[in-house]
Amino acid sequence: SPASGASPASRDARQVFDSLQRRGSWEPGAAVEVFSASLGRWCAGVITGVSKDRILTVQYADGAGGVMTKGLPSSDMQLAEFGSNVTQPPPEFTVVPSTTRPGQVSYFDTKTGIKLGSLALAWRHHMERLVN
C-alpha cells in the first residue's frame with residue numbers, strides 16, 4: 001500500500017531474503033519443520049548436522065514412535081522455520097497455563113513431568129527422547 005512505502009512485491013522479496021538469512025544460521029539442535037512426502041504432512045524436526053556446503057541433516061518423528069532422517073540444503077522448500085505449519089504439541093505433552101507468564105501457555109511432558117516454555121522446546125525434547 002502507498003502508506004507503507006513498499007510494494008507488495010518488494011515486501012515479499014524482503015521476506016524471502018530474511019528467511020534465507022535465518023536459514024543460513026541454522027545449526028545442530030535447532031528446531032525446524034520438514035515436509036515428508038511419504039507421510040504427506042509437515043513434521044517437527046531437529047537439525048542434527050550441517051555439512052560444510054550447508055546440507056542439513058534433519059531428524060523428525062514419523063508419528064509411530066520412530067525417527068526419520070533427511071539431508072537437504074538449507075534453502076530447500078521442504079524445510080520451514082519452526083511454527084510455520086506445526087501447531088500441535090508432541091505426543092505425551094499437554095498444554096497448560098504458564099505459572100510464570102500470565103496469559104501464556106507451557107507444554108507439560110506427562111512422561112517425565114518436565115514443563116517447557118515453547119512448542120519448539122517441547123518438540124526438541126520429544127525428538128531427543130526418541131533418538132536417545
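Reader: Which backbone nitrogen does the side chain of E33 reach at 3.0 Å?

Author: A friendly place to begin! In this predicted model, the side chain of E33 reaches the backbone nitrogen of V86 at 3.0 Å. A polar atom of that E33 side chain also lies 2.8 Å from the backbone nitrogen of N85.

Reader: Where is the place of E33, and is E33 buried or exposed?

Author: E33 sits in strand β1. Its relative accessible area is 0%, and buried means under 20%, so E33 counts as buried. For the chain as a whole, buried residues make up 30% of the 132 residues.

Reader: Let me step back to the overall layout. How many helices and strands does the protein chain have?

Author: The chain has two helices and eight strands. Along the sequence, they follow the pattern α-β-β-β-β-β-β-β-β-α.

Reader: How should I read the pairing of strands, and which strands pair with β1?

Author: The general idea is that strands of a sheet pair through backbone hydrogen bonds, either parallel or antiparallel. Here, β1 (residues 31-36) pairs with β2 in the antiparallel sense, over six bridges. Within that pairing, V34 stands opposite C43 in β2. Strand β1 is also joined to β5 (residues 79-81) by three bridges, again running antiparallel. There, V32 stands opposite E81 in β5.

Reader: What does G40 do in the hairpin of β1 and β2?

Author: G40 takes a positive phi near 70° in that hairpin, which has four residues between the strands.

Reader: What is the order of strands in the open sheet of three?

Author: The order is β6-β7-β8, with antiparallel pairing. The edges are taken by β6 (93-97) and β8 (115-116); each has a single partner strand, so one side of each is left without a neighbour in the sheet. As for the link between β7 (residues 105-109) and β8, two bridges join these antiparallel strands. You can find F108 opposite K115 in β8.

Reader: Now the aromatic rings. How do I read a pair of them, and how many aromatic pairs does the structure hold?

Author: A pair of aromatic rings is described by the distance of the centres and the angle of the planes. This structure holds one aromatic pair. The partners are F35 and W42, with 5.5 Å from centre to centre and 70° between the planes. Planes over 60 degrees apart count as edge-to-face, so this pair gets that label.

Reader: What is the relative accessibility of F35, and what is the relative accessible area of W42?

Author: F35 has 28% relative accessibility and counts as partly exposed. W42 is partly exposed too, with a relative accessible area of 26%.

Notes:
Residues are numbered from 1 along each chain as its sequence is written. This is a predicted model: local features need pLDDT of at least 70, side-chain atom pairs count only at pLDDT 80 or more; totals for chains, interfaces and linings use all residues. Side-chain values use heavy atoms; hydrogens and water are left out. Two strands pair if DSSP finds at least two bridges between them. Rings of Phe, Tyr and Trp (its six-membered ring) pair if their centres lie within 6.5 Å; planes under 30 degrees apart count as stacked, over 60 as edge-to-face and the rest as tilted. Buried means under 20% relative accessible area, exposed over 50%, partly exposed in between (1.4 Å probe, protein chains only). A polar contact is a pair of N or O atoms within 3.5 Å; within protein, one must be able to donate a hydrogen and the other to accept it, and residues adjacent in sequence count only if both atoms are side-chain atoms.
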